Structures are given as C-alpha cells and as structure tokens.
Amino acid sequence: MSKHTTSTSHGGAGRALLWVAIILTVALLGFVTATAVRANPIYSDRDANGISKYKFIEACKEIAEDTEELTVGAMGQAIPLKTLVEQSSPLKAGDELHAAVEAEPAEIIKATQTVEGGGWTLTAPVTIAVHSGERVNTLGQLPMACTHDKKTGKTTATLNLPGQ
C-alpha cells in the first residue's frame, strides 16, 4: 500500500487561461450588444415622442384593422370607411370589411418619422378587402396617414382618397 502524497497537477495555468477566455467572451458580448442596440432601427426615445416607435407602429396596424372606426378623409370630411364602401355596393350578410397595412417591415420603419415637438407620423399603403366566407374581394389600396400626438397621448389614423 502506497500513498500518493505529492501533487503534480498543473491546473493553475489552465485555470488562469479559462478565466481570461471567460472575461474576453463577456467583454465581446457586451460590445456586440451595445453595437446592436445602437443600430436597432426600431430603437427610439420614448420620453421625447410619448410612445416607442415599435408601439406606435403596432397601434397604427391595430387602427387600420378596426374597420368600424377607420375613417377616410374626403374633401375635408372624415367619412367612415364602411359607409364609403357601402355607397358603391352594400355589404351582404356575412361579409366582413378588412383593412391591412401592406408595406414591408423595413419600409414601415423607414416611413415612421418623428414630429417636431414630440410624436410620430407614418404614411403607408392599406389594402381594403371584403371577406365573404372563403372568398376575398380586394377593393384596392389607399394611403393611411397615422400620427401620434405626444401632448394628448393619442394615436389616430385616416385613409386618404387619391388626389386629396
């Protein structure tokens, strides 16, 4: 029976290299994260504009989808979209009016601009269609002007007729 009493491990150098590798990795990840945050196209100053750019874009999409409340600006008046569509052909039972923002995400982000004094503005095309069960009848596209007023905290959107 022999007892091994001497230590011949060389772990001290390996442990030091491991700690150096961990520290360099954490530093690199911190740098990459900081760079990515500054280059984020949706990053915005929520305090300066009253709402973040992301929430503003999402609010505009939700307003466009709410066809009961969506209005069309025509000759200085705000006409409900549903009323305007029904003037040319009344909706049948089971028909649903849909409106959806049809721009690519990159185009939407690029079109979203700050307003002097705080707030946002976005102009994007909206496709209007009537859904009848499985059948979809696309009526056309209209430009939507969406704005957020920092003072009131409200986001509003209206569709505009061509030439208005």
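Where does T152 lie? T152 sits in the loop between β6 and β7, the latter covering 154-160. Keep in mind that this is a predicted model, and that what follows is read off its atoms.

**The overall picture**

Counting up the secondary structure gives five helices and seven strands. Starting at the N terminus, the elements go α-α-α-β-β-α-β-α-β-β-β-β. The protein has 164 residues, and 27% of them are buried. Among contacts with a separation of 6 or more, 53% are between residues 24 or more positions apart.

The side chain of T152 has a polar contact with the side chain of D149, at 3.5 Å. A polar atom of that T152 side chain also lies 3.3 Å from the backbone nitrogen of K154. Elsewhere in the sequence there is G50: T152 and G50 are 102 residues apart along the chain, yet their C-alpha atoms are separated by 9.1 Å.

H148 belongs to strand β6. Is H148 buried or exposed? With a relative accessibility of 5%, H148 counts as buried, because buried means under 20%. The side chain of H148 reaches the side chain of T155 through a polar contact of 2.8 Å. Setting aside neighbours within four places in sequence, the contacts of H148 include N49, G50, I51 and F56, then G118, G119 and W120, and finally G153, K154 and T155.

**The disulfide**

How many disulfides are there? The count is one, and the partners are C60 and C146, with 2.0 Å between their sulfur atoms. The link of C60 and C146 is left-handed, with -90° about the S-S bond. C60 is part of helix α3 (residues 53-65) and C146 of strand β6 (residues 135-149), so the bond ties together parts that are 86 residues apart in sequence. Both C60 and C146 are buried.

Q113 is found in strand β4, which spans residues 113-114. At a relative accessible area of 41%, Q113 is partly exposed. Beyond its neighbours within four places in sequence, Q113 is in contact with G119, W120 and T121. The C-alpha atoms of Q113 and K53 are separated by 9.0 Å, and these two residues are 60 apart along the chain.

On the surface there is also a nonpolar patch made of L18, W19, I22, I23 and V26, which together have about 530 Å² of accessible area. One of these, V26, lies in helix α1 (residues 11-38). The relative accessibility of V26 is 54%, so V26 counts as exposed.

**Accessibility side by side**

Here are the relative values for the residues discussed above.

| Residue | Relative accessibility | Class |
|---|---|---|
| H148 | 5% | buried |
| V26 | 54% | exposed |
| Q113 | 41% | partly exposed |

Terms used:
Residues numbered from 1 in each chain as written. Predicted model: local features only at pLDDT ≥ 70, side-chain atom pairs only at ≥ 80, totals over all residues. Heavy atoms only, no water. Disulfide = S-S within 2.5 Å. Helix = DSSP H or I, 4+ residues; strand = E, 2+ residues; numbered from the N terminus. Buried < 20%, exposed > 50% of the residue type's maximum accessible area, 1.4 Å probe, protein only. Polar contact = N/O pair within 3.5 Å; in protein donor to acceptor, adjacent residues only side chain to side chain. Contact = heavy atoms within 4.5 Å. Patch = residues over 30% accessible without salt bridge, like charges linked within 9 Å, V, L, I, M, F, W, Y side chains within 5 Å. Areas by Shrake-Rupley, 256 points an atom, 1.4 Å probe, with all protein chains shown as cover. Salt bridge = Lys/Arg side-chain N within 4 Å of Asp/Glu carboxyl O.
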